[in-house]
Amino acid sequence: MLTMNELNLNNKRVLIRLDLNVPIHNGKITSNARIKSVLPTIRMASQKNAKVILMSHLGQPKKEQYEKKFSLWPVFQELQNQLSELKLRFTDNFDDVNHLDNGEICLLENVRFNKGETKNSTSLSKLYANLCDIFVMDAFGSAHRIHSSTYGVAMFARIKCAGPLLINEINILEKALTNPKRPMVAIVGGAKISTKFNILHSLKNIADTIIVGGGIANTFIAVNNEVGKSLCEKEYITEAKKILMTNKIIIPIDSRVSTSFNKDSVAILKNIDDINLNEEIMDIGIQSEKNITKIILNAKTILWNGPLGVFEFPNFSHGTKALAKAVSKSAGFSIAGGGDTINAIEKFQVKKNISYISTGGGSFLKFLEKKTLPCIDILK
Ligand code: AMP
């Protein structure tokens, strides 16, 4: 795979696909983390004297047409703030890119306003490819999507390469998945085993230990125990039993349960062989917290996706909090990814002690499963 660093960009039209899908509330950006993360890529392209064209999606506009609330205009303004030393413009007119000076930067309006973007339309992909001499993919968070601005454009661009953010993310994840320092511990939590079943299958060949939590753990617990009203996918119990035979799976030994599912529900501590029919497992228990903390503190590589309980409810947030604290205290190299995992990391204020937080949500999960992504393959 070619990388942007090794190419001569002088006087070239360089189209860069970024992930500028930032949260916006009432027209104001509420977190500019994604914008900050792409600044080195933009500066590098500009310093290499390219005519820099940027594109990204923002949100999920229903129709393929302009909608103010999905416009990248606020993102452009923030880019201007951050890159005040550079010349920037914003346009929804593709012809404008023909008038760029070397070193100048142009942000295109939300790609999802364009007809055929999410259907990977050939004509749109060719149109993007013709805007540039070099296409740079630097949006890991969108690299699992076969869209015109992520995948199709790479099929038709004269030269295609990976940007620095993408390369960094791939290197870190690849190292953890192919040659991790051991012991390697994976934590797979969250709601449904069905959505993470392939990941469990893949991780069981890589990790030394897999800690399961949340609704996913309930399906494992149900192999040998009554789980009452708990979130559990019965059709996966047989498969869960097979994975248990690897002897790598750590399931909770105790839990916090309730008879009702709401934010004020009181938690009752129960061993997992003592759950009543009218009870629901909503978090791991104190003994399980101690067990997993010990395992995590001993780990050299930690891969974390998913909460261990309904961490949005105060009485059922303890397990995920204990996990977050253990990961942050561990001297091992820790990687975390996924929407709810990032929310938990922020909630329990452990961000600065996690070694690497993936920029991807869905793409992070797909990478754990397949060790590659369609938009990475197309660059090769
Ligand atoms: P996921 O998107 O699969 O990572 O799932 C995250 C969601 O799983 C969070 O909103 C949690 O509240 C939920 N969750 C975690 N544990 C449980 C549980 N034991 N029962 C019901 N929902 C849970």
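**Ligand contacts**

I started at the ligand and found one of its oxygen atoms 3.0 Å from a polar backbone atom of alanine 191. I count a polar contact as a pair of N or O atoms within 3.5 Å; within protein, one must be able to donate a hydrogen and the other to accept it, and residues adjacent in sequence count only if both atoms are side-chain atoms. Next I checked isoleucine 281, where a backbone N or O atom lies 3.0 Å from a nitrogen atom of the ligand. For glutamate 312 I got 2.5 Å between a polar side-chain atom and an oxygen atom of the ligand. I also looked up cover: the protein takes up 80% of the 510 Å² of accessible area that the ligand has on its own (Shrake-Rupley, 1.4 Å probe).

**Ground rules**

This is a predicted model, so I note the limits: local features need pLDDT of at least 70, side-chain atom pairs count only at pLDDT 80 or more, and totals for chains, interfaces and linings use all residues. Residues are numbered from 1 along each chain as its sequence is written, and side-chain values use heavy atoms, with hydrogens and water left out.

**The shell**

I listed 14 residues around the ligand, and Ala191, Lys196, Ile281, Gly309 and Glu312 come nearest (near is a heavy atom within 4 Å). By class, I see six nonpolar, five polar and three charged residues in the shell (Ala, Val, Leu, Ile, Met, Phe, Trp, Tyr, Cys and Pro are nonpolar; Asp, Glu, Lys and Arg charged; the others, Gly among them, polar). Helix 7 gives the most to the shell, with three residues (helices are DSSP runs of H or I, at least four residues; strands are E, at least two; both numbered from the N terminus).

**Aromatic pairs**

I found eight aromatic pairs in the structure (ring centres within 6.5 Å; planes under 30 degrees apart are stacked, over 60 edge-to-face, the rest tilted; Trp by its six-membered ring). I looked at phenylalanine 197 with tyrosine 236, a tilted pair at 5.2 Å centre to centre and 55 degrees between the planes. Phenylalanine 197 lies in helix 6 and tyrosine 236 in the loop between helix 7 and helix 8, so this pair ties together parts 39 residues apart in sequence.

**Backbone**

I noted a cis peptide bond between arginine 182 and proline 183, omega about 5 degrees.
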